[in-house]
Amino acid sequence: MKGSPVPTGEGSPGASVATSTSPGLRAPTRRGTELVMLSFAAGLVTLALILVELNQERSLSLRILYLGLAYLGLFACAHLAVRRWAPYADPAILPCVALLNGLGLVVIHRIDLAMEGTVFLDGSVWDPVAFKQVIWTAIGLLLFAATLKFLPDHRMLARFGYTFGLVGLVALLLPGVLPGFIAPTINGAKIWLRIGPLSIQPGEFAKILLMVFFAAFLVSKRDLFTVAGRRFLGMDLPRARDLGPLFAAWGVTVAVMVLQKDLGSSLLFFGIVLVLLYIATERAAWVVLGLGLFSGGAVIAWKLFTHVQQRVSNWQDPIARYEVIGGGYQISQSLFGLATGGIGGAGLGAGRPEMIPEANTDFITAVIGEELGFVGFAALLLIYMVFALRGLRSAIAVRDSFGKLLGGGLAFAVCFQVFIVVGGVTKLIPMTGITAPFLSYGGSSLLANYILVALLLRISAAARSPQRAPKPKPQQPAIADQHTVMVERPK
Amino acid sequence: MNTPLRRVGMAMMVMILLLLGNATWVQVINADEWRKNAYNKRVLLDEYARKRGLITVADGTVIADVKETTDRLRFLRTYNNGPVYAPVTGYLSVTYGTSGMERAENDLLNGSDDRLLARRISALITGRDPVGGNVQLTLDSKVQQVAYDQLTAKGFTGSVVAIKPETGEILAMVSTPSYDPNALASHDVKAQAEAWTQLTSKDANDPLVNRATQALYPAGSTLKVVVAAAALADGKNKDSQYTAKGTVKLPNTQTDLPNFNGTPCGPGETVSMETALAKSCNTAFGEMAGQVGASKLRRQAEKFGFNDQDLRIPLAVEPSTLGAIPDDAALWQTGIGQRDVLITPLENAVVAATIANGGKRMHPYLVSKLLGPDLKSIGDTEPDEVETAMSSANAAALRDMMIQSEINTGGEGRLQNVQVASKTGTAEHGAKPLENKPHAWYIAFAPAQKPEIAIAVIVEDGGDRGLGATGGKVAAPIGRAVMNAYLAGR
């Protein structure tokens, strides 16, 4: 493994040593491009930090420059890790992440400044969290590098599919079933595990574990799902017994919704499963069926649970429920901020994030929308889109089914999560409470997402690296002279 | 698998496009609705971060000041002599918004007015904080203080408005009970809420309402000057004869229209317009209104400023009205300022000022100058003649009749060496007029030959005289003291 840092799409790693001998034909790694874009991101983030400090009327010092350089250094290390362990990885993904994470750090710091000295009802004083998030970023990048190093080929994951699935399921449901002293209810949701001074959101990691499981499971059982059942309304319905996994996923979703009162995660999880099923089977029937199941579940949940009803009525008319406890205050403040920011924004550091509860987690995009305006908000969404589409492109380009499925799922997961949280913040859909990837404060979310990025980069590296050693072409016999080769039947 | 992957890609793009479209709706197209929502304190907070302009009275005394603070709202609005000026300044509150001049001239005071644009840009370039413009009022501090003291000395609920007839400048505008706007401007949200609860409680008697511009009262006998003006315009003169009976029946009804105490207006069958006005005879003015007719009476009232739906001084003013006049009985009652006649103290002062100004109605105004932060004027209010309500000859005739009325009016505090023209009113109100204490009115101007101040005074519910109150006994002394304060101070 050490001999060749270049994983290939086929064959065992190490078979493509020849690349080093024929540099002229070597596919471009584009690592230089990545470094330039990373520097650009670091520049933007430093500028953002300067703006915050200026608008908050704090004295500017060289400290900011150091911070910017430290940030660049952090991502330069990540860049070196990619260069070393996944040189053919997509060059646009890491800079997107760096920009999002950097902007997130600046905004979290900015919210710290706004909340400085705030005393809460229980007597506790606001605790600045920006520095903690910097530590989490560093740990996240370590995890990122470790994933790249110890996972030279993403297909290794498929072998542990069932293990991952079990661990993921337990992790997802654990906070819901554990007693309150280990799994406290915070802001109405029971999704945290408290171990000593640390609070972990296992659901964030479960998301990735379950995606690996589903991708592995669907690839190995793919044929089963494509066997046609009855035709109905022009769609081939799957056979009843093949519906098992879908129903299982649906059951888990409902359990998450009921036990943990975490609507966002259940929606995200179910959406991912549906998309994986669709990609694996290429049949829209699954999506229709799944959406039907989900809508049914959602309607029943809405009828039964007050916390679901609350979210829906807050969404329908936040102003009417402005003064109700647990009502429309938060979403109204988010909309006020966004609208007051308008097209150009109040300016970084010149808005009023302290008026939005949960400004540095679920509602961080509202703060960005207020301070950077529609222009900045749109740019933010486009960065997410570039990130997700580059990931998807890698999935399309990679040659193995597992990679395609996992890559497509990971890319979709990020995009869908953005849709759920930003849609909630901007009142497109009911607010469900979920973090904005790479932006929101929170260690679990950040660490899990860095693993996700590492996996995507690993898949993109497999997609972009030269497939086979480009042997000198003149020595190859013409196609007509070659033997017919028996290719292995796809599993 | 690539086909479904591509479709998922499309779905992802659609999701982002939906978010972008929704953001466009919230932040651009529909932004104003959210921005201007009453719950949105961001705009207000931004204003607090800017040094708000001052409000000063005519002699330069600052009545609304700003103080820099150390809390999150950088500037605290402070009001000097708050209750005296509160009806004009209004309040500026983080929680409860703005009122009065704080609202009417908000753009200038907070510095967002277009006329301050050049200064804003230069502030941006030089890096200084943008500052709001200042508002200089027409109010005369001495007259305002006397008017306030007069009303509050006996705990009256009511209002005084004083206008300079020649220009329309408002010299005093008082409304009682008043309040201290400092309590609402406090940065302590709790103190604000306490003050607000107390001011809006039932027992507080609506201190936040500026009675001068917002309260509508039956005009009572003060409307007789409008009826007389209509009759004069109709070709009558001060010697025209009207019935002198103590009581008449309203046309086509069995309802009595009595004079005050049912007293006949004179010894004979008829009495002159001059005497009828001086003695405030209801029977004569009922008949006079009947002769003039509803449409001419209404036209005359409108010439005096009734029914002006969008009068801004720049505070918004409730339009005064004669009400519907369905039949002759209603017309006769309207002739003595009862029935559905509703008038603001400001409008009644405008009536007095218009007669004083030879029949020319001037637009009443409170703001004499708008000043930039550098105290350079960016807009002086020029006196504006709205229309000629009466010919100067008729105005002079009416003035002479009002001089007789003043001579005939009792009450204390008659002005020495200054001739006053006035009309009192004792306005009945409520469902049972004879059991409700009447409102006491007094409108006047002085000196009669060369008027420099016109006033309207109302004291609600008879002041300290209860059922026996009259305009002459309760309101006239206040009006005279106010005019005296102005005339003596020159």
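This is a predicted model: local features need pLDDT of at least 70, side-chain atom pairs count only at pLDDT 80 or more; totals for chains, interfaces and linings use all residues.
User: In what order do the strands of the open sheet of five strands in chain B stand?

Analyst: The pairing in this open sheet is antiparallel. From one strand to the next, the twist averages 5 degrees. The order in chain B is β8-β7-β19-β18-β17.

User: Which strands stand at the edges of the sheet in chain B?

Analyst: A strand at the edge has a single partner strand, so one side of it is left without a neighbour in the sheet. For β8(B), six bridges join it to β7(B), residues 158-163, and the two run antiparallel. Within that pair, Ala162(B) has Ala172(B) in β8(B) as its bridge partner. The edge strands of chain B are β8 (170-176) and β17.

User: How many bridges join β18(B) to β19(B)?

Analyst: Strands β18(B) and β19(B) form a hairpin, with six residues between them. Trp441(B) stands opposite Ile458(B) in β19(B). The two strands run antiparallel, and the number of bridges joining them is seven.

User: Which residue in β18(B) does Thr426(B) stand opposite?

Analyst: Strands β17(B) and β18(B) pair in the antiparallel sense over seven bridges. Helix α18(B) lies across both strands, at about 65 degrees to β17(B). The residue in β18(B) opposite Thr426(B) is Ala440(B).

User: How many of the eight residues of strand β18 of chain B are buried?

Analyst: His439(B), Trp441(B), Ile443(B) and Phe445(B) point one way from β18(B), and they are buried. Ala440(B), Tyr442(B), Ala444(B) and Ala446(B) point the other way and are buried too. Strand β18(B), residues 439-446, is thus mostly covered, and the count of buried residues is eight of eight.

User: Is Val418(B) buried, exposed or partly exposed?

Analyst: Val418(B) is found in the loop between α18 (392-408) and β17 (421-427) of chain B. A buried residue needs 20 or more other C-beta atoms within 10 Å, and an exposed one has 12 or fewer. Because Val418(B) has 16 such atoms, it is partly exposed.

User: Why do the buried residues of helix α15 of chain B lie on the same side?

Analyst: The buried residues of α15(B), residues 294-303, are Leu297(B), Gln300(B), Ala301(B) and Lys303(B). They lie on the same side of α15(B) because the arc they cover around the axis is only 160 degrees. An α-helix has 3.6 residues a turn, so residues three or four places apart point the same way. Among the elements of chain B that cover the buried residues of α15(B) are α12, α14, α16 and β16.

User: Which element gives the largest share of the side of chain A that touches chain B?

Analyst: The contact takes 41 residues from chain A and 30 residues from chain B. Elements of chain A that give two or more residues to this side are α10, α13, α14 and α15. The residues on the side of chain A divide into 26 nonpolar, eleven polar and four charged. The largest share, 13 residues, comes from α14(A).

Note on methods
Residues are numbered from 1 along each chain as its sequence is written. Chains are lettered from A and ligands numbered from 1 in the order in which they are written. Helices (H or I, at least four residues) and strands (E, at least two) are DSSP runs, numbered from the N terminus. The arc is that of the directions from the helix axis to the C-beta atoms. Two residues are in contact if their C-beta atoms, placed from the backbone, lie within 7 Å. Ala, Val, Leu, Ile, Met, Phe, Trp, Tyr, Cys and Pro count as nonpolar, Asp, Glu, Lys and Arg as charged, and the others, Gly among them, as polar. Two strands pair if DSSP finds at least two bridges between them. Axes are lines fitted to C-alpha atoms, for helices over the stretch in contact, and angles run from 0 to 180 degrees between N-to-C directions.
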